[in-house]
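Hi everyone, thanks for making time this morning. I'd like to walk you through one structure and pick out a few local details along the way. Have a look at it first, and then we'll start with a question.

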Amino acid sequence: MNLEQLAKIREDGQAVAAMRIATGLPGTGMHHIMVCGGTGCTSSGSNKLCELFVSEAEKQGIAEQVKVVKTGCFGLCALGPIVIVYPEGTFYSQVQAEDVAEIVESHLVNGTPVARLVYEDIGDLQLPEGHSPTLYDTTFYHKQLRLALRNCGRINAEDINEYIAVDGYKALAKALTEMTPDEVIQTVLDSGLRGRGGAGFPTGRKWMFAKAPAPKKYVVCNADEGDPGAFMDRSILEGDPHSVLEAMAIAGYAIGADEGYIYVRAEYPIAVERLTIAIAQAREAGLLGKNILGTGFDFDIQLRLGAGAFVCGEETALLTSIEGNRGEPRPRPPFPAVKGLFGKPTVINNVETYANICQIILNGAEWFASQGTPGSTGTKVFALGGKIKHTGLVEVPMGTTLREIIYDIGGGIPGGKKFKAAQTGGPSGGCIPAINLDTPVDYDSLKQIGSMMGSGGMIIMDEDNCMVDIAKFFLEFTVDESCGKCVPCRLGTRRMLDILTRITEGKGEDGDIEKLEAIAEDLQCSALCALGQTAPNPVVSTLRYFRDEYEAHIYQKRCPAGACKALLQYTIEPEKCKGCSLCSKKCPAGAISGEIKSPFVIDPEKCIKCGVCMSTCKFNAIVKK
């Protein structure tokens, strides 16, 4: 493929691409049915929906006027399977197989959207009469800015021509024909883009370190997304794989590398499949391989599958794994940009970082730097989960506050519960309390309050979450995932977990808090890699903001949140009990006794603290203390 052919494909596809963004354009009589093909919706049966839409269109005799497209994640994962019908942009949520025939007949044939399936959470937004809400009308999208996720839900991820139609490979063409390698690096440097994988190191500076002449260099993509609750990189790879391939090729041109590797965990089968398809298509089109776009530049990419070890998200452990060895971190320096994969200079960035590169090259450094804050430019993708109304994927400008993300985008805490904390940065991050809800989300602000950006997981907790138990959960994960290479991490995390376990079991002792703080300080100073150095963060941050909960567990043998079973006691309030005996009948341990129409009682010796009685009682007479 040459530059003219690339431009022709883009020109031919632009009308379709525009229709999927700006709804209501004069059409050709075609309907495009965009069905989410991300992991969440796929697990809910979206593949079957695609088949049914095709067959129903054939039954109605409109197959020539309907195109069914399996696309990437739209973001509102809790509402899947999601279907969007263009050119109207009508947003259907939780679509089931039995709904397909109705959508085809009512909407596609008769022009009347199926109102009961249309998602209508649009806040105070006023829509024209007769206009069905689109995805972008929802409150979930009002404060979002999709740069890294720009093509997810917009294109068929398995069709390179659709990617080219939305300016795909245009940035690579510009870099190869209009810019020198130094100019590419300077543009990325001037943009202020920082690594989205966790540490936030300036991307342009990393590329600059690797530009020194060497006979062989590599470009690596870290797609080993291992944080609990994180699925940002997975969604980009599933919905827009070519953006990563193109960015890696640009990085290869910038530093003088001709070979790249994508290290992706095998637990991401859809991402692996779409990457495999994308690489094959790019090679066939001459956009990977020899003499790309006739410029004399050679670059190709290979996939390597990880076995799910969290430590392989650390860059030196990842490189060691690609080399065929056990994934263990290496001492630094030397850093990968000097001595990386197979001992050669290597640039390694994560998926989201690469997903921003093409837009920076096309639109310029100043454009990207105008988004976000001076020290944290651009946007950040978060996987929003936990005790939140709108679970899903969000992308916001850096500097957006936690309050805006949780309440304006996420819809707040379900069930009228109070917000307690937000955990950012995964096992390496910290817990942020309600007093910091108005903190802007950027690298420096999160660090100041004892947390970190991390790769982008954001888990929301309410008043029913015990912060000691939360710290224990993350330590359990870290202990399981520690490679064991260095003594501080191997023994220190285990010792911290032992103390936390005792505390949550009601066996905490005076001095335990001080022991936790001392071990945490040692780990932060002496562990070999970032996994060990940041492992104490959940404990340190919960001690900082929720120390009273630790003290209640240790000195009062009480869990204020009522979450730690060993410290719980279920009791029946006599004045509320109607003596219906339902709780007694449901109790699996036979711990509840009494007479009909008289207050019942719970025997604490027999009670197994399963909570069945509390969920069964219709009079709210049972409480846990």
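Is Asp512 buried or exposed? Before I answer, please keep in mind that what you see is a predicted model. Asp512 counts as buried, with a relative accessibility of 0%. Its side chain meets that of Arg502 in a salt bridge, at 3.0 Å from N to O. The pair links distant parts of the chain, 10 residues apart: Arg502 sits in helix H19, residues 487-504, and Asp512 in helix H20, residues 512-526.

Let's stay with salt bridges for a moment. The structure holds 31 of them. Arg332 is partly exposed, at 38% relative accessibility, whereas Glu315 is buried at 17%.

A further pair is Arg265 and Glu267, with a distance of 3.8 Å from N to O. Here the arginine, Arg265, is buried at 8% relative accessibility, and Glu267 is partly exposed at 45%.

Arg265 also takes us to the sheet, where it stands opposite Gly306 in strand E8. How is that sheet arranged, and in what order do its strands come? It is an open sheet of 5 strands in the order E7-E8-E6-E5-E9, with mixed pairing. Strands E7 (289-292) and E9 (346-350) are at the edges with a single partner strand each, so one side of each has no neighbour in the sheet. From one strand to the next, the twist averages 25°.

Looking at individual pairings, E6 (residues 259-265) and E8 (residues 297-306) run parallel and are joined by 7 bridges. Gly260 stands opposite Ile301 of E8. E7 and E8, on the other hand, run antiparallel, with 2 bridges between them. Gly289 has Phe299 in E8 as its bridge partner.

Now to helix H16, residues 402-409, whose buried residues are Leu402, Ile405, Ile406 and Ile409. Why do they end up on the same side of H16? They cover an arc of only 120° around the axis. Among the elements covering the buried residues of H16 are helix H5 (139-142) and strands E12 (379-386) and E13 (392-397). After H16 comes Gly411, with a positive phi near 85°.

Last topic, the cysteines. How many disulfides does a search of the whole structure find? The search finds 0. Cys73 has its nearest cysteine sulfur, that of Cys77, 3.8 Å away. For a disulfide the sulfurs would have to be within 2.5 Å. Cys73 is buried, with a relative accessible area of 7%. Cys312 is in no disulfide either, and the nearest cysteine sulfur, from Cys483, is 8.9 Å away. Cys312 is buried as well, at 4%.

That's my tour, and I'm happy to take questions.

How values were computed: Residues numbered from 1 in each chain as written. Predicted model: local features only at pLDDT ≥ 70, side-chain atom pairs only at ≥ 80, totals over all residues. Heavy atoms only, no water. Buried < 20%, exposed > 50% of the residue type's maximum accessible area, 1.4 Å probe, protein only. Helix = DSSP H or I, 4+ residues; strand = E, 2+ residues; numbered from the N terminus. Arc of directions from axis to C-beta. Contact = heavy atoms within 4.5 Å. Pairing = 2+ DSSP bridges. Axes fitted to C-alpha atoms, helices over the stretch in contact; angles between N-to-C directions. Salt bridge = Lys/Arg side-chain N within 4 Å of Asp/Glu carboxyl O.
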